[in-house]
Amino acid sequence: MAAGGRVGRVLVKPATTARVAIVVAVAAVALGATVAVPEIALAIDNLLPRGLHNALLSQGVLVSAWILFVTATSVVASAAWPVVSRQNLRQVAMVIYTIGLVAIAINLAWSTTFGWLIVTLGSVFIVITGLRNLDWTTLGRGIAIYTAGTAFVAVLAILEIRRAFIDAPRTAAGQPAWAWPAWEIASLLIAFGAVWIVVELWVKAHLLLRQIRPLHRTMIGRFPEVVAHEQTSSSTQLKASDQVAQIMDALYLQSGGGVELIAAGAPPASPFERADRVAEWARNPLGDIVIDARWIAPPAGISPRGWVQTIARAFDATTAVPVRN
């Protein structure tokens with residue numbers, strides 16, 4: 001699902017080097033998680049002429065998938081470093097992909113332990129880059145989840161290397177690997193981190209639509225002309241943006257279309273006090289409260305979406321008063 005979501009973003013937005021790399025990375029995680037399923041691993045082992053019941057082929061494919069993951073994610077991570085610019089990112093990406101393909105070939109032809117070493121080194125680079133770019137934003141939270149999953153991959157890869165050095169017994173054909181559940185958890189964290197931005201924005205837009213619904217219904221009931229008939233927003237985010245714009249337009253029209261009124265006075269510094277008064281006026285425009293365009297404009301530091309959301313909360317909190325159009 002995460003891979004499909006990332007493919008969808010590439011189809012509707014320019015297919016930049018970083019966006020394509022994320023698609024490759026999440027698809028590699030999907031491949032790794034699929035190959036880790038015992039029954040699928042056994043089927044892959046039996047693709048060879050006489051079959052292999054020591055999990056050599058499936059193990060090689062599994063490690064190759066994770067090498068591809070760290071390779072593609074390293075392309076994205078490299079873009080976050082100052083030494084890499086947009087102009088040379090494609091060249092850097094080609095070098096990283098070449099190294100990854102060589103590592104996959106060595107892993108399949110020689111040693112999966114070497115493959116796990118590459119996964120470990122790549123994961124460490126990704127984790128360091130992720131920690132350098134953490135912040136409390138939608139993107140930052142997505143990076144944090146993605147980085148946590150990658151750190152989990154690094155730990156599991158180190159344990160795989162340790163098992164190879166102590167000659168731990170191989171998993172029997174058709175049986176779950178020793179860390180199968182752990183690999184699935186790591187895969188889920190990475191997949192969820194890859195689509196976190198889309199999920200969070202959808203949730204926020206859905207909550208916003210619910211919060212502004214009463215205010216939106218009231219304002220477009222008075223000023224239906226603010227709703228363009230050709231507006232057919234297909235996504236929740238676009239619908240929320242349209243309704244915010246419609247509310248702002250309707251409030252502006254109700255205030256007199258930009259006319260400044262002496263009776264309205266200057267808006268207070270507190271955005272909450274200002275929103276309370278605008279909400280009361282929006283509910284009962286023929287009451288004692290006078291509002292002009294200065295009150296309708298979003299306060300400094302607040303986006304139109306956040307300002308409409310604040311007014312909507314105050315609108316819901318006001319005592320129900322008969323509305324007169």
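A residue is called partly exposed when its relative accessible area falls between the buried class, under 20%, and the exposed class, over 50%. The legends below refer to a predicted model.

**View 1. Aspartate 292 and arginine 294 are joined by a salt bridge.** The closest N and O atoms of aspartate 292 and arginine 294 are 2.8 Å apart. Arginine 294 has a relative accessible area of 29% and is therefore partly exposed, whereas aspartate 292, at 0% relative accessibility, counts as buried.

**View 2. Salt bridges with shared partners link Arg141, Glu200 and Lys204 into one network.** Glutamate 200 pairs with arginine 141, with 2.4 Å between the closest N and O atoms, and glutamate 200 also meets the side chain of lysine 204 in a salt bridge of 3.0 Å, N to O. Because glutamate 200 belongs to helix 9 and arginine 141 to helix 7, their pairing ties together parts that lie 59 residues apart in sequence. Lysine 204 and glutamate 200, by contrast, are four residues apart in helix 9, so that about one helical turn separates them. Glutamate 200 and arginine 141 are both buried, with glutamate 200 at 8% relative accessibility, while lysine 204 is partly exposed at 41%.

**View 3. Phe192, Val199, Trp202, Val203 and Leu207 make a nonpolar surface patch.** The area of this patch is about 420 Å², and helix 9 is its main contributor, supplying four residues. Valine 199, which is placed in helix 9, has a relative accessibility of 33% and so counts as partly exposed.

**View 4. Arg210, Arg213, Arg217 and Lys239 form a positive surface patch.** Helix 9, which spans residues 196–222, provides the largest share of the positive patch, namely three residues. Arginine 213 lies in helix 9, and its relative accessible area of 37% makes it partly exposed.

**View 5. The largest nonpolar core of the model contains 35 residues.** Within this core, the residues with the most contacts are Trp66, Phe69, Trp116 and Val119. Two or more core residues come from each of several helices, including helix 1 (2–12), helix 2 (17–35), helix 4 (56–78), helix 5 (89–109) and helix 6 (112–132), and likewise from helix 7 (138–165) and helix 8 (180–194). Among these elements, helix 4 gives the most to the core, with seven residues.

Conventions: Residues numbered from 1 in each chain as written. Predicted model: local features only at pLDDT ≥ 70, side-chain atom pairs only at ≥ 80, totals over all residues. Heavy atoms only, no water. Patch = residues over 30% accessible without salt bridge, like charges linked within 9 Å, V, L, I, M, F, W, Y side chains within 5 Å. Areas by Shrake-Rupley, 256 points an atom, 1.4 Å probe, with all protein chains shown as cover. Salt bridge = Lys/Arg side-chain N within 4 Å of Asp/Glu carboxyl O. Lys, Arg positive; Asp, Glu negative; His and termini not counted. Charge placed at Lys NZ, Arg CZ, Asp CG, Glu CD. Buried < 20%, exposed > 50% of the residue type's maximum accessible area, 1.4 Å probe, protein only. Core = buried A, V, L, I, M, F, W, Y, C linked by side-chain atoms within 4.5 Å.
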